[in-house]
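Me: I'm new to this one. Can you walk me through its side-chain contacts?

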Amino acid sequence: MPHAFSSFTHIDTKETLTALHASATGLSEAEVSGLKKEFGRNQFASSKTGALRIFARQFQSPFIYLLIAAAVLAWILGEHIDGLVIFGFVFVNAVISFYQEYRSEQTVKLLKKFIAPKTRVRRDGQEVEVDRTELVPGDIVLVSAGDMIPADLRWLTSNDLLVDESILTGESVAVQKKIEALEKQTEATYEATNIGFCGTTVIGGRAEGVIVAIGAKTVLGEIARVTVETERVSGFNLEIK
């Protein structure tokens, strides 16, 4: 499935605004209200499963039930060492699986820290500051050095804009952004020089961009979703299967 930003990489700024039914003066409050109902809030998918529930879930397997039954039977028959060994394997498996799954939960929380709580936008021709969860596709976002980009943007204007995208690409060198359309559409973040990605940081210059994707539809949001949905299977479980 292509990234939401990719269809905006090879079209110019005017076409981008037209496609999003937006304008350089910003959305009206009525338009924002309608878009909120359609797209929801600008936030990542997350799981609210508690640590105890995650740990208990590690024992919810038919084969684990069989192992526990075998351990109990061994203990009853006087084979205490065998019973303890089986119990030990089950417990170690549960701890390892719990650690992997719980770490995924914490990773999503960490990703959320890469979204600024407040963002400057232009609405009804006026510059205002809004909570980042209230942003919608078509909003005109204004950024300058030190700002964190709150959603995936297609740049409309740029004045020596430099962005740190290491959170996505691992590349420590800042990227010089531009507003010109690319020769062809791309889904590669490192090629999309006219796109500002959610969670990345402006380290120089200033710019304006129109939001093309929010929340789970952003590149960072997709990473968070995959992190939440991915089933963590320990090596012990794989060997058992």
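Me: Before we start, what does "partly exposed" mean here?

Reply: Buried means under 20% relative accessible area, exposed means over 50%, and partly exposed is in between. Keep in mind that this is a predicted model.

Me: OK. Where does Arg41 fall, then?

Reply: Arg41 has a relative accessible area of 45%, so it counts as partly exposed.

Me: Which residue does Arg41 form a salt bridge with?

Reply: Glu134. The closest N and O atoms of the two are 2.5 Å apart.

Me: Give me another one. What does Glu208 meet?

Reply: Arg122, in a salt bridge with 2.8 Å from N to O. Glu208 lies in strand 7 (residues 201–213) and Arg122 in strand 1 (residues 118–123), so this pair ties together parts that are 86 residues apart in sequence.

Me: Is Glu208 buried or exposed?

Reply: Buried. Arg122 is buried too.

Me: And what about Asp139, which side chain does it meet?

Reply: Arg123. Their salt bridge is 2.7 Å, N to O. Asp139 is in the loop between strand 2 and strand 3, while Arg123 is in strand 1, 16 residues apart.

Me: Why does Asp139 count as buried?

Reply: Because its relative accessibility is 0%, and buried means under 20%. Arg123 counts as buried as well, at 6%.

Me: Changing topic. How many aromatic pairs does the search find?

Reply: It finds 1 aromatic pair. Phe5 and Phe197 form that pair, and the arrangement is edge-to-face. The rings are 5.0 Å centre to centre, with 85 degrees between the planes.

Me: Where do Phe5 and Phe197 sit in the chain?

Reply: Phe5 is in the segment before helix 1 (13–19). Phe197 is in the loop between strand 6 (195–196) and strand 7. The pair links distant parts of the chain, 192 residues apart.

Me: Is Phe5 buried or exposed?

Reply: Phe5 counts as buried, at 0% relative accessibility. Phe197 also counts as buried, at 0%.

Definitions and conventions
Residues are numbered from 1 along each chain as its sequence is written. This is a predicted model: local features need pLDDT of at least 70, side-chain atom pairs count only at pLDDT 80 or more; totals for chains, interfaces and linings use all residues. Side-chain values use heavy atoms; hydrogens and water are left out. A salt bridge is a side-chain nitrogen of Lys or Arg within 4 Å of a carboxyl oxygen of Asp or Glu. Buried means under 20% relative accessible area, exposed over 50%, partly exposed in between (1.4 Å probe, protein chains only). Helices (H or I, at least four residues) and strands (E, at least two) are DSSP runs, numbered from the N terminus. Rings of Phe, Tyr and Trp (its six-membered ring) pair if their centres lie within 6.5 Å; planes under 30 degrees apart count as stacked, over 60 as edge-to-face and the rest as tilted.
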